[in-house]
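Dear colleague,

Please find below the structure that I am handing over to you. My findings follow directly after it.

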Amino acid sequence: MLRLTLDMDDVMADTHEKLVSIVLNDFQSTLDKKDFEVKSLRELLHPKQLTRLHKVMNEPGFFANIQVKKDAVETVYKLSRFYEIYVATAAMEFPNSFKDKFDWLHKHFDFIPWSNIVFCGHKSIIHSDYLIDDHVRNLNAFKGEGILFTAAHNLQDKTYRRVSNWKDVAELFLPNK
Ligand SMILES: [Mg+2]
């Protein structure tokens, strides 16, 4: 069986949506929701605001209640019939996220066994045929075939095969009949 590895934030989980709502509700900002669809947080926010957001992300509980991306659960479940599914998340950046992320996966993707969950730093360590990730730097570090999951911070990239949602993932990886 081919091995298919999935990133969590902004692939399985809609982390960006949660960050945007924090910025819109809690930060002083004249930005509009639409701005965050076409530009990265890094481009839009002041460095002080980015530091504040980083702190929020490292608070216990932040990663516990994030919305699942549309169609992700059903598609990953279908994929698990044809691929060995792994989850690889660069959780080391936010050490308080470990338990929240683990619980989140168990809650929404309980069919993925604990043995297939990898909390990592650098994704070059991942040995897999495919990696679906929203960060070009992670795909660059990866040795198999990288698939870019569209996000506001990667719209310019032309290097990788791209999927915009989980319907696209299904189209690419499932037999469709
Ligand atoms: Mg990600």
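The notes below go from the domains to the sheet and then to one helix.

Please bear in mind that this is a predicted model.

Domains

The chain is divided into two parts: domain 1 comprises 2–14 + 65–173, and domain 2 comprises 15–57. Between the C-alpha centres of domain 1 and domain 2 there is a distance of 22 Å. Where the two meet, 11 residues of domain 1 are in contact with 10 residues of domain 2. On the side of domain 1 that touches domain 2, six residues are nonpolar, two are polar and three are charged.

The sheet

Six strands form an open sheet in the order β3-β2-β1-β4-β5-β6, and their pairing is parallel. The edges are formed by β3 (117–119) and β6 (161–163), each of which pairs on one side only. On average, neighbouring strands of this sheet are turned by 25 degrees against each other, direction ignored.

Several of the strand pairs can be described individually. Strands β2 and β3 run parallel and are joined by three bridges. In this region, Thr89 stands opposite Phe119 of β3. Strands β1 and β4 also pair in the parallel sense, over three bridges. Here the bridge partner of Leu6 is Ile132 in β4. On to the next pair: β4 is joined to β5 (residues 145–149) by four bridges, and these two strands run parallel. Leu131 has Gly146 of β5 opposite it.

Strand β4 (residues 130–133) deserves a separate remark. Tyr130 and Ile132 point one way from the strand, whereas Leu131 and Asp133 point the other way. All four of these residues, the charged Asp133 included, are buried.

Helix α5

Which residues of helix α5 (residues 72–79) are buried? They are Ala72, Thr75 and Val76. These residues lie on the same side of α5, because they cover an arc of only 95 degrees around the axis. The spacing accords with a general rule: an α-helix has 3.6 residues a turn, so residues three or four places apart point the same way. As for what covers the buried residues of α5, the elements include the strands β1 (2–6) and β2 (83–89) as well as helix α8 (166–173). Of these, β1 and β2 also belong to the six-stranded sheet described above.

With kind regards

Terms used: Residues numbered from 1 in each chain as written. Predicted model: local features only at pLDDT ≥ 70, side-chain atom pairs only at ≥ 80, totals over all residues. Domains from an automatic or database assignment. Contact = placed C-beta atoms within 7 Å. Buried ≥ 20, exposed ≤ 12 C-beta atoms within 10 Å, placed from the backbone. Arc of directions from axis to C-beta. Pairing = 2+ DSSP bridges. Axes fitted to C-alpha atoms, helices over the stretch in contact; angles between N-to-C directions.
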